[in-house]
Amino acid sequence: MTIVPICPAPVMQHETVQMAHGAGGRLSQTLMQRVFMPHLHNAFLDLLDDQAKLDLPPGRTAFSTDTYVVSPVFFPGGNIGELAVNGTVNDLAVGGAKPLYLSAGFVLEEGFSLAELEDIVKSMAEAARRAGVMIVTGDTKVVGKGQCDRIFINTSGIGIIREGVNLSCRNLKVSDSIILSGTVGDHGMAIMTSREGLSFQSRITSDCAALNGMISTILDEVPFAIHAMRDPTRGGVAATLNELASSSSVGIEIHETTIPVKPDVRGACELLGIDPLHVANEGKLVVAVAAGDAERVLEVMRALDLGRDAVIIGSVVDDHPGMVVMRTVYGSRRIIDLPLGEQLPRIC
Amino acid sequence: MLTPMKYIDEYRNPELARKLLNEIRRKAAHHWTIMEICGGQTHSIIRNGIDQLLPDTIELVHGPGCPVCVTPLESIERALAIAAREEVIFTSFGDMLRVPGNYRDLFMIRSAGGDVRIVFSPLDALQIARDNPAKEVVFFAVGFETTAPANAMAVWQAAREGIENFSVLVSQVMVPPAMRAILSSPGNRVQGFLAAGHVCAVMGYEEYEPVAREFQVPIVPTGFEPVELLAGILKTVELLEEGKAEVVNCYGRVVSRAGNPVAQETIHNVFEVTDRQWRGIGLIPGSGLGLRESYARFDAEKRFNVTNIFAEESPFCMSGSVLQGKLKPDGCPAFAKECTPQHPLGATMVSSEGACAAYYKYHLDTP
């Protein structure tokens, strides 16, 4: 019997991410063609150049970047891809810019499921479509097992700032009203309660959403009354208000009774001993507006889905500059401080 | 905008709170100093600004009932030494991770590669031990009578199932001996107590009756929500004004006179009374719980041979006086200067239940 040596063709169909997917060779091409391009393709990406060549409309350019490392990657109400698109869109929009183009950089852990990667890419494409932005350039790297946690995504974006609009966290004026677009803590508690180690379940879903539509409507209707906007992400509304107060060297006073919190979120926060004001949001907006225009802005926001629950939560005061103070339901006052690093559940 | 939440909102009702405050104002003819035992109560009082709303005649001083605060530096140093070991998965309630030892905390051990995990229950730690048979899983068993039953249960289950890669670093303390120590101390100012509601849920309040008699102080088991705290303060003021040194339960929805006998039995099966060091206060005889001889093999101090680790407190930290109600946090010269939550000198500035942290976090006149 003769033995015929067989040199097998390399496996090209994988179910998980291989080191070779990031090596720039054939498998990298397969990844592009099978996973990324079918969902993300557009006039810029289709050229497969190393850069996107863009003609920007006139106006000042806003430029922002953020990296997403959320765990779990899929959470109730969204996933890391959707978050990565909306997050950068929001960072541009709160500066008064119309977001136009995004880049997307992926760091994939060897062994990460390609089906899950495709789900993530698909929802990035959908999120971009909803927000009216294009992902025009991208990059993928693969690192060895254990060298990252499944998938990290960086998105950068550019947008054009509206003529005559000047939004900055330094612009707060005494007597401005502070408007919050809806309930606090949804995203953070959706993540926390879906992590392992908690023996209760919840139906809390993330509020992950692009805010540029709502912001654009506000600026259309009330173009010059807005002094600052922020999306209260990490550190929650408490961190955002503290940043605004300290950047503008003013005090902010808010009223406990006005802060909207969903019952499930409130319940989970009570159980874990966490202040909902310290919990992250991914689809909420804080607006500082001249007091005389606040009702008009509120009306505009409430007419929109994302701003349905908008409320005035407080105002800018000349007392205690740099500090945020809450008037409690009992009439006493307390400081709303920045959260100190990691949220630690209480022990008894 | 808050959606009503059963079992919470009725105890936060501003109208009821106002009525109770008026009653306290009406009843308080003399100046009284009342100590709330539990750090959870301190936190709620300061967070809701109850101290600002009380009449000047009622002074609240904050008690030693913050487990994180009173866990001795020695235990922290021993925890750090164990957590740094390669074969160990060190598990703890979240609060303990930021408590500084001499120069580092458990977070720093974790960032240096130690496997330190936050758990919500000691039974979760036991599960980690089942899942990782090749590792030594250690749980930091701190706390008062509230955490003791679950901590005891974890050890009891480990013994029953023969889970030999599980052990506990015990620093359990008890309230009544601490109350006696405070009342016997020369500079004591405390005239009445709000007893810690959750401790009483486990132990009942019968054991406070001799303390009330012996030291002639009223003791009132009290809850944690604003209305409950105000009701507890009102009852204590009434008893003080009437000169009655009695124990009166103001946390009836949770506490009974006998407490929870099953929980007590679990504690006594696994633990025995022992002397215990309290951080900032010192040794209080018979104030702690330690593993019984029959469970000694689950003692992490012995298993990892760390009983020879000792530690010294910062000479600037006055948390001992704060924990005994002799000093208000903002009366300490280091408060908000050398000592902040970012750079705590003592545990009372670290824990969410520590009096110094509560003052720093919520009080408007913090420098």
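Is Gly40(B) buried or exposed, and how many other C-beta atoms lie within 10 Å? The legends below refer to a predicted model, in which local features need pLDDT of at least 70, side-chain atom pairs count only at pLDDT 80 or more, and totals for chains, interfaces and linings use all residues. Residues are numbered from 1 along each chain as its sequence is written, while chains are lettered from A and ligands numbered from 1 in the order in which they are written.

**View 1. Gly40(B) in helix H2 of chain B.** Gly40(B) is buried, with 23 other C-beta atoms within 10 Å. Buried means 20 or more other C-beta atoms within 10 Å of the residue's own, exposed 12 or fewer, and partly exposed in between, with C-beta atoms placed from the backbone. Helices (H or I, at least four residues) and strands (E, at least two) are DSSP runs, numbered from the N terminus. The C-alpha atoms of Gly40(B) and Glu353(B) are 5.5 Å apart, although 313 residues separate them along the chain.

**View 2. The contact between chain B and chain A.** Chain B contributes 34 residues and chain A 28 residues. Contact requires C-beta atoms, placed from the backbone, within 7 Å. On the chain B side, helices H1 (14–27), H2 (39–47), H3 (50–53) and H16 (355–362) each supply at least two residues. That side has 16 nonpolar, 12 polar and six charged residues. Here Ala, Val, Leu, Ile, Met, Phe, Trp, Tyr, Cys and Pro count as nonpolar, Asp, Glu, Lys and Arg as charged, and the others, Gly among them, as polar. The predictor gives the complex an ipTM of 0.82 and a pTM of 0.88.

**View 3. Leu230(B) and the largest nonpolar core.** A nonpolar core is a set of buried Ala, Val, Leu, Ile, Met, Phe, Trp, Tyr and Cys residues joined through C-beta atoms within 7 Å. This one has 124 residues, of which Ile24(B), Phe193(B), Ala195(B) and Leu230(B) touch the most other members. Helix H12 of chain B (residues 226–242) gives the largest share, nine residues. Beyond its neighbours within four places in sequence, Leu230(B) contacts Ala17(B), Leu20(B), Leu21(B), Ile24(B) and Ile50(B). A second, separate core of 101 residues includes Leu92(A), Ile204(A), Ile274(A) and Leu277(A).

**View 4. Domain 1 (19–161) and domain 2 (177–335) of chain A.** These bounds come from an automatic or database domain assignment. The C-alpha centres of the two domains lie 27 Å apart. Domain 1 puts 20 residues into the contact and domain 2 puts in 19. On the domain 1 side, helix H2 (80–93), strand E4 (97–109) and helix H3 (114–131) of chain A each give two or more residues. H2(A) gives the most, with seven residues. By class, the domain 1 side has 11 nonpolar, six polar and three charged residues.

Key
Contact = placed C-beta atoms within 7 Å.
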